[in-house]
Amino acid sequence: MKLYYTRKAATALAASALIAGIALAGCSSGGSSSNGGDNNTDHGPITFAMGKNDTDKIKPVIEKWNQEHPDEKVTLKELAGEADAQRETLVQALQAKSSDYDVMALDVIWTADFAANQWLAPLTGDLKVDTDKLLPATVKSATYKDTLYAVPQNTNGQLLFRNTELAPNAPKNWGELTESCHQVQGKDCLTLQLKQYEGLTVNTADFMSGWGGGVLESDGTTPAVDSAASKEGLQELVKGYKDGVIAKSSTSATEEETNLAFVEGKTAYAVNWPYMYANATKEGSAVVGKVEVQPLVGKDGVGVSTLGGYNNGISAFSKHKGTAHDFVEFVINEENQTSFADNSFPPVLASIYDNPELVAKYPYLPALKESLENASPRPVSPFYPAISKAIQDNAYAALTTDKSVDAATADMKAAIENASK
């Protein structure tokens with residue numbers, strides 16, 4: 001399962017895990033417990049930590065770096081495949097002020113949390129990184145309180161996949177999509193992820209943003225879920241599900257169930273991440289030659305995708321921040337970002353999406369670029385796990401019970417406000 005496209009929600013750690021992490025501070029070996037000092041220019045070997053599901057994309061980059069920098073070699077530390085387990089490992093090390101990990105590939109939703117806890121070195125002064133050539137939404141996801149705390153490594157945006165045999169024309173907005181569903185006979189119209197997990201948070205946020213609302217206001221703390229626009233977006237999601245525009249199976253679907261439904265020709269449309277394009281167009285797919293993609297659709301036109309991907313953060317306790325800085329810059333050079341595109345790992349360097357050779361190989365790239373240009377990061381908040389849970393619980397209730405959108409958004413707001421106290 002392509003977890004790096006949505007990365008399952010990083011839920012709040014259990015109290016026992018936090019206690020265990022704090023306890024490590026007392027039993028950590030003297031060699032690995034350091035605040036790294038204030039010198040941001042020190043160079044030497046470093047360790048790069050990343051979830052094992054995606055390390056095949058970064059290994060060639062590390063190999064090239066090591067060939068060019070024999071005295072500053074990067075050692076890859078593979079973390080668990082599950083997002084929650086990855087986060088727990090990193091949190092325990094950082095709470096102990098361990099220098100075991102110099103650079104960490106962070107799910108975009110963790111960046112603010114780690115920054116708020118002062119576990120990341122701010123990328124200012126000697127550690128400043130030029131992000132002008134990167135997709136703006138990715139930079140925003142790595143920024144906390146107007147300071148850059150990580151460098152986007154790879155990104156992701158959702159796409160609207162269409163089986164042209166069942167839905168010949170590309171819809172320009174949500175209204176046109178729902179209208180086209182009347183012509184779909186014997187199949188589901190639209191499948192997306194509404195199971196009660198992070199995918200539901202993502203798709204709920206898509207609808208809220210696609211109707212002009214959002215989860216949080218621009219200050220990053222005030223809930224916006226109960227705004228008129230956010231309510232309208234959620235109401236369209238609920239209405240679409242209850243009217244049958246959205247497949248009933250969606251409330252038990254993750255990305256993989258969505259992938260199977262589309263590849264097997266069971267649904268006219270599907271919202272998913274770009275990895276599904278390769279599955280839908282390869283031999284054995286029921287929709288070979290019938291696949292077109294476009295950005296999500298919203299109330300008045302192009303919709304708003306939620307952003308996925310990794311941000312590379314430098315540990316505040318690294319002893320070799322100079323090398324760490326140079327390595328995270330190396331990852332975003334043109335050659336390495338092109339290699340990501342060649343491995344269905346969407347790059348953050350904007351120019352890659354205009355490369356004619358790559359577009360010829362991967363026809364979804366222009367649509368993905370448009371999706372990313374209109375994308376919105378998930379709330380940049382240290383309380384994100386609680387925000388996600390509030391959305392999941394109440395959106396699911398609105399979809400599957402008689403809970404009204406007004407009540408659902410009011411309860412979302414209360415839970416979000418309570419989380420930040």
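These legends describe close-up views of a predicted model. Local features need pLDDT of at least 70 and side-chain atom pairs count only at pLDDT 80 or more, while totals for chains, interfaces and linings use all residues. Residues are numbered from 1 along each chain as its sequence is written, and side-chain values use heavy atoms, with hydrogens and water left out.

**View 1. Helix α3 and its buried residues.** Helix α3 runs over residues 55-68. Helices are DSSP runs (H or I, at least four residues), numbered from the N terminus. This helix has 14 residues. From first C-alpha to last, α3 reaches 20 Å, close to the 20 Å expected at 1.5 Å a residue. The expected span is 1.5 Å times one less than the number of residues. Buried in α3 are Thr 55, Lys 57, Ile 58, Val 61, Ile 62, Lys 64, Trp 65 and Asn 66. Buried means under 20% relative accessible area, exposed means over 50%, and partly exposed lies in between (1.4 Å probe, protein chains only). An α-helix has 3.6 residues a turn, so residues three or four places apart point the same way.

**View 2. Lys 59 in helix α3.** Is Lys 59 buried or partly exposed? Lys 59 is partly exposed, at 38% relative accessible area. Not counting residues up to four places away in sequence, Lys 59 touches Leu 76 and Glu 78. Contact means heavy atoms within 4.5 Å. Lys 59 and Leu 76 are 17 residues apart along the chain, and their C-alpha atoms are separated by 7.9 Å.

**View 3. Helix α4 and the residue Lys 97.** Helix α4 covers residues 83-95, which makes 13 residues. Its span from first C-alpha to last is 18 Å, close to the 18 Å expected at 1.5 Å a residue. The buried residues of α4 are Ala 83, Gln 86, Arg 87, Leu 90, Val 91, Gln 92, Ala 93 and Leu 94. Lys 97 follows α4, and its phi is positive, near 55 degrees.

**View 4. Helix α9 crossing helix α16.** Helix α9 spans residues 228-243, and helix α16 spans residues 384-400. Their axes come within 9 Å and cross at roughly 40 degrees. Axes are lines fitted to C-alpha atoms, for helices over the stretch in contact, and angles run from 0 to 180 degrees between N-to-C directions. The two helices α9 and α16 are therefore oblique to each other. Angles under 35 degrees count as roughly parallel, over 145 as roughly antiparallel, 65 to 115 as roughly perpendicular and the rest as oblique. From α9, Leu 234, Leu 237, Val 238, Tyr 241 and Lys 242 meet Ala 395, Ala 398 and Leu 399 of α16. The residues of this contact of α9 with α16 divide into 7 nonpolar, no polar and 1 charged. Ala, Val, Leu, Ile, Met, Phe, Trp, Tyr, Cys and Pro count as nonpolar, Asp, Glu, Lys and Arg as charged, and the others, Gly among them, as polar.

**View 5. Helix α9 with helix α17.** Helix α17 runs over residues 405-419. The axes of α9 and α17 come within 10 Å and cross at roughly 125 degrees. Helices α9 and α17 are therefore oblique to each other. Lys 231, Leu 234, Gln 235 and Val 238 in α9 meet Val 405, Asp 406, Thr 409 and Met 412 in α17. The residues of the contact of α9 with α17 divide into 4 nonpolar, 2 polar and 2 charged.

How values were computed: A crossing is left-handed if the near helix is turned anticlockwise from the far one by less than a right angle, and right-handed if clockwise.
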